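Welcome, and thanks for taking a look at this one with me. Below are some notes to read alongside the model, point by point.

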Amino acid sequence: MSAKESLGLEYWLQWQVAVCALIFIIPTTVALRLINRQRKDTEYPTKSTDLWLSPLLPMSFLLFQTVSSFGFFDFFFYTQWTFALVGVYFALGTIISARGCWLYTRNPLSRRGEIEKFLKTAAQENSSNGASSDQRLGFWENCMQIIYQTSAGAVMLTDIVFWCLLLPFMTGENFKLTLLIGCMHSVNAIFLLLDSVLNNLQFTWFGITYFVLWSCCYIVFQWTLHACCLNWWPYPFLELNTPWAPLWYLGLAVVHIPCYGIYALLIKAKGRLFSRMFPQAFLSGRIAMEKKHT
């Protein structure tokens with residue numbers, strides 16, 4: 001059977017298919033419920049000034065080179081999904097930062113004292129009313145926050161699976177390491193980590209819900225393609241025609257936790273390091289955060 005032929009009905013009626021479906025349906029349901037509940041609660045306030053101008057051109061160039069070499073067929077892989085997502089994050093960061101710089105230049109330096117006085121008065125009034133004095137993010141800023149946390153886990157998953165699983169055990173005639181492939185599985189994490197050093201975005205464990213949804217969307221995408229027109233899997237461990245499939249899918253689901261946790265530890269280490277290097281700045285930030293929640 002050729003790669004373009006769809007898989008038969010018998011393939012989808014195997015017992016392991018139902019088990020694998022439950023493995024990613026249950027986390028998806030839980031994630032959606034948590035997100036819906038979080039919308040009703042008070043979110044951590046983030047200011048637009050916490051966003052940082054992110055590099056975009058190098059990521060765009062690598063993605064263009066990959067599509068030029070392999071075509072849009074390359075987007076069958078989770079790597080390209082994640083790489084494109086990181087590119088979107090950088091693009092949003094660039095646009096939002098440019099907008100922030102433009103708004104900043106509209107305020108003459110001579111009026112800065114009046115503006116600070118006005119903001120201080122507004123902060124005191126909001127504090128007395130129990131409201132947060134920080135500017136809430138708009139739609140695109142919130143999208144950037146979500147994409148940032150999703151990308152953090154996704155780049156860790158992509159690079160760990162590639163360097164620790166695919167490259168050592170599945171290298172052969174159909175798969176060889178090239179400079180372009182190596183860059184695609186390293187530059188994404190490097191750029192995002194560098195951006196994390198410079199930005200001040202919130203990074204909480206709640207963000208893993210978006211990471212889980214992202215991976216589940218990829219699984220649904222793959223299953224839909226294979227139900228319609230394909231029988232070739234881009235990753236062998238996604239193959240369902242084996243009794244080991246549930247274990248592979250369960251392992252992939254569980255590995256999301258350490259992948260996200262690794263990035264969370266890096267962000268925590270950054271906070272501790274910077275608090276020692278710039279104690280006054282972090283002390284004022286902590287005092288401001290405590291006032292917001294009192």
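1. A residue counts as buried when its relative accessible area is under 20%. Please keep in mind that this is a predicted model.

2. What does Thr158 touch, leaving aside residues up to four places away in sequence? The list is Tyr78, Thr79, Thr82, His185 and Asn188. With Thr82 there is also a polar contact between the two side chains, at 3.5 Å.

3. Now to the aromatic rings. A pair of such rings is described by how far apart the centres are and by the angle between the planes. Counted with a limit of 6.5 Å between centres, the model has 26 aromatic pairs. Tyr89 and Tyr148 make a stacked pair, with 5.5 Å from centre to centre and 25 degrees between the planes. Because Tyr89 belongs to helix 4 (residues 78-105) and Tyr148 to helix 6 (residues 139-170), this pair ties together parts that lie 59 residues apart in sequence. Tyr89 is buried at 0% relative accessibility, and Tyr148 is buried at 1%.

4. Phe203 is in the loop between helix 8 (187-198) and helix 9 (208-228), while Tyr260 is in helix 11 (residues 256-277), so the pair links parts 57 residues apart in sequence. Are these two residues buried or exposed? Phe203 is buried, with a relative accessible area of 14%, and Tyr260 is buried as well, with 0%.

5. Tyr78 has already come up here, as a residue touched by Thr158.

6. Finally, how do helix 8 and helix 11 pack? Their axes are 10 Å apart, at an angle of about 35 degrees, and the crossing is right-handed. On the helix 8 side, the residues in contact are Leu192, Leu193, Ser196 and Val197; on the helix 11 side, they are Tyr263, Leu266, Ile267, Lys270 and Phe274. By class, this contact has seven nonpolar residues, one polar and one charged.

Definitions and conventions: Residues numbered from 1 in each chain as written. Predicted model: local features only at pLDDT ≥ 70, side-chain atom pairs only at ≥ 80, totals over all residues. Heavy atoms only, no water. Phe/Tyr/Trp six-rings, centres within 6.5 Å; stacked < 30°, edge-to-face > 60°. Helix = DSSP H or I, 4+ residues; strand = E, 2+ residues; numbered from the N terminus. Buried < 20%, exposed > 50% of the residue type's maximum accessible area, 1.4 Å probe, protein only. Axes fitted to C-alpha atoms, helices over the stretch in contact; angles between N-to-C directions. Left-handed = near helix turned anticlockwise from the far one by under 90°. Contact = heavy atoms within 4.5 Å. Nonpolar A, V, L, I, M, F, W, Y, C, P; charged D, E, K, R; others polar. Polar contact = N/O pair within 3.5 Å; in protein donor to acceptor, adjacent residues only side chain to side chain.
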